[in-house]
Amino acid sequence: MSDKVPCKTSCSAPVPPKGVSRRDVFRTGAIVAGGVALLSAGIAPARAQAAKMPKADALYQDKPKGDQSCANCSLFQAPSTCGVVDGPVAASGWCKLYQKKS
Ligand code: SF4
């Protein structure tokens with residue numbers, strides 16, 4: 001049996017289950033689409049902000065630790081950005097997330 005509605009024109013809309021009107025189907029779809037849009041808008045900025053660790057949590061310091069410093073860390077992005085620690089960092093800085101550049 002076909003799930004298409006026979007009509008006088010060339011439409012081929014799916015048939016909603018018995019007891020469910022097309023209006024109900026479209027209303028539910030609009031609500032779901034609106035909810036997805038709201039969730040996307042609200043979650044994406046929160047993820048972006050939560051992506052980097054605060055300096056204090058990373059035990060960041062403005063001076064190197066031995067021969068380890070941001071300048072020779074693989075996460076350092078010159079001139080003063082880190083891929084995982086929030087805010088500007090100094091090339092001469094260091095934190096517990098240090099990863100030696102290979
Ligand atoms: S992970 Fe730490 S040591 Fe490496 S660049 Fe970022 S702040 Fe500097």
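# Exercises on a predicted chain

Let us start with Gly93: setting aside residues within four places in sequence, Gly93 is in contact with Tyr60, Gln61, Asp62, Ser69 and Cys70. Two residues are in contact here if their C-beta atoms, placed from the backbone, lie within 7 Å. The model is predicted, so local features need pLDDT of at least 70, side-chain atom pairs count only at pLDDT 80 or more, and totals for chains, interfaces and linings use all residues. Residues are numbered from 1 along each chain as its sequence is written.

## Exercise 1: Describe the whole chain

Work out which helices and strands the protein chain has, and in what pattern.

*Solution.* 
- Step 1. Count the elements: the protein chain has one helix and two strands.
- Step 2. Read along the sequence to get the pattern α-β-β.
- Step 3. Turn to burial: of the 102 residues in the protein chain, 10% are buried.
- Step 4. Take the contacts with a separation of 6 or more; 58% of these join residues 24 or more positions apart.

## Exercise 2: Find the core and the ligand shell

Which residues make up the largest nonpolar core, and which come nearest to the ligand?

*Solution.* 
- Step 1. A nonpolar core is a set of buried Ala, Val, Leu, Ile, Met, Phe, Trp, Tyr and Cys residues joined through C-beta atoms within 7 Å.
- Step 2. The largest one has nine residues: Tyr60, Cys70, Cys73, Phe76, Cys82, Val85, Val89, Trp94 and Cys95.
- Step 3. Around the ligand there are 15 residues, of which Cys70, Cys73, Phe76, Cys82 and Cys95 come nearest. To be near, a residue must have its C-beta atom, placed from the backbone, within 6 Å of the molecule or strand.
- Step 4. Sort the shell: 14 residues are nonpolar, one is polar and none is charged. Ala, Val, Leu, Ile, Met, Phe, Trp, Tyr, Cys and Pro count as nonpolar, Asp, Glu, Lys and Arg as charged, and the others, Gly among them, as polar.

## Exercise 3: Compare loop residues

Find where Ser74 and Ala78 are placed, and explain why each counts as exposed.

*Solution.* 
- Step 1. Ser74 lies in the loop between α1 and β1, and Ala78 in the loop between β1 and β2.
- Step 2. Ser74 is exposed because 10 other C-beta atoms lie within 10 Å; Ala78 is exposed because 8 do.
- Step 3. Beyond four places in sequence, Ser74 touches Gln99, Lys100, Lys101 and Ser102.
- Step 4. Finish with the backbone: the peptide bond from Ala78 to Pro79 is cis, with omega near 10°.

Methods:
A residue is buried if 20 or more other C-beta atoms lie within 10 Å of its own, exposed if 12 or fewer, and partly exposed in between; C-beta atoms are placed from the backbone. Helices (H or I, at least four residues) and strands (E, at least two) are DSSP runs, numbered from the N terminus.
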